[in-house]
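Hello,

Here is the structure I said I would pass on. Please open it alongside this message; my notes follow below.

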Amino acid sequence: MLDLTLISPDTTYLLGLSGGRDSVCLLHLLLENHFRNLHLVHLNHQLRGADADADELFVKDLARQLELPLTLSRLPVGELAAANGLSIETAARSARHQLFAEVAAETGTSSVLLAHHAEDQAETILFNLLRGSSGPRGMKPETTLAVGPEQLRILRPLLQARRKDIDSYLENRKIEFREDSSNQDPAHTRNRFRNEVMPLLAEIMGRDIIPPDSRGGVQ
């Protein structure tokens, strides 16, 4: 499930840890494979009140238990989105990238691990296709992102993993994680793709519509 061709336990990485199932799964998979040079990064977007604060506390406790360094930050993403005329998703992504760049500058570590998986990839390809601006583009396992003077190396070692395998991994090992209730909110376009469009397409086609090789993207 973990693509070890992308990463090495001898390298230090920043790991985006929301506290949700995907990033928690990635963290434990890395530890199982003897990755200890990890610096955890968590951004409280201040969008879900007490739930967001509970996510932050969960991540803080997990980092302490695992004896891993952690950078925590809080940012009113909703206010930033409104002030700059951005969607919540775009403002949140920009805020996370900026935080990664700041931690990279402080630590000298520019390689960032994210927990995108195969279903995320399929949703991204379909979303970009329907948007019409970039064609059927998906995420690459490795990309470079410039944020100010920092060049971040973005790595996605779970890009070929299926959500069902992530769920099985966590369940079998009785690993705790945080459920994000906003993942069910139809106000977010991504959620409607995940919860409505993708299941409907699978029903119409009568088969699994997730590509067997999730590396096919070019973005």
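**Two loop residues with positive phi**

Glu 67 sits in the loop that links H2 to E3. The model is a predicted one. Glu 67 is not a glycine, yet its phi is positive, at about 60°. Is Glu 67 buried or exposed? Glu 67 is exposed, with a relative accessible area of 69%.

Lys 174 belongs to the loop between H6 and H7. Its phi is near 55°, again a positive value in a residue other than glycine. Lys 174 is exposed, and its relative accessible area is 73%.

**Overall layout**

The protein has 7 helices and 6 strands. Starting at the N terminus, the order of elements is β-α-β-α-β-α-α-β-α-β-β-α-α. The chain has 219 residues, and 41% of them count as buried. Take the contacts between residues at least 6 apart in sequence: 74% of these join residues at least 24 apart.

**Around E2 and E3**

Strand E2 covers residues 38-44 and strand E3 covers residues 70-74. The two strands pair in the parallel sense, over 5 bridges. Helix H2 spans residues 50-66. Together, E2, H2 and E3 form a right-handed β-α-β unit.

**The nonpolar cores**

In soluble globular proteins, nonpolar side chains tend to be buried together. In this model, the largest nonpolar core holds 31 residues. Those with the most contacts inside this core are Ile 7, Leu 26, Leu 27, Leu 30, Leu 38, Leu 113 and Leu 158. Strand E1 (13-16), helix H1 (21-32), E2, H2 and helix H6 (163-172) each give two or more residues to the core. Which element gives the most? H1 does, with 7 residues.

Setting aside neighbours within four places in sequence, Leu 27 is in contact with Leu 15, Leu 17, Leu 38, Leu 40, Leu 62, Leu 66 and Leu 68. Another core, of 18 residues, lies apart from the largest one. Leu 14, Ala 101, Val 103 and Leu 152 are among its members.

**Leu 158**

Leu 158 is found in the loop between strand E6 (150-155) and H6. Beyond its neighbours within four places in sequence, Leu 158 is in contact with residues including Met 1, Leu 2, Asp 22, Leu 26, Leu 29 and Ile 166. His 116 and His 117 are also among its contacts. Leu 4 is 154 residues away from Leu 158 along the chain, but their C-alpha atoms are separated by 9.6 Å.

**The second largest pocket**

Rolling a probe the size of a water molecule over the atoms shows where empty space is left. The second largest pocket contains about 170 Å³ of space. Its lining has 10 residues. Ala 122, Ile 125, Leu 126, Met 198 and Ile 209 lie nearest its centre. Helix H5 (118-131) and helix H7 (189-205) are the elements that give two or more residues to the lining. H5 gives the most, with 4 residues.

Best wishes

Methods:
Residues are numbered from 1 along each chain as its sequence is written. This is a predicted model: local features need pLDDT of at least 70, side-chain atom pairs count only at pLDDT 80 or more; totals for chains, interfaces and linings use all residues. Side-chain values use heavy atoms; hydrogens and water are left out. Two strands pair if DSSP finds at least two bridges between them. A crossover is right-handed if, with the strands pointing away from the viewer, the path from the first strand over the helix to the second runs clockwise. A nonpolar core is a set of buried Ala, Val, Leu, Ile, Met, Phe, Trp, Tyr and Cys residues joined through side-chain atoms within 4.5 Å. Buried means under 20% relative accessible area, exposed over 50%, partly exposed in between (1.4 Å probe, protein chains only). Contact means heavy atoms within 4.5 Å. On a 1 Å grid over the protein atoms alone, a cavity is a set of points where a 1.4 Å probe fits but cannot get out, and a pocket is an open set with protein on both sides within 12 Å along at least five of seven lines; lining residues have an atom within 4 Å of a point. Grid points are joined across faces, edges and corners, and a volume is the space filled by probe spheres set on the points.
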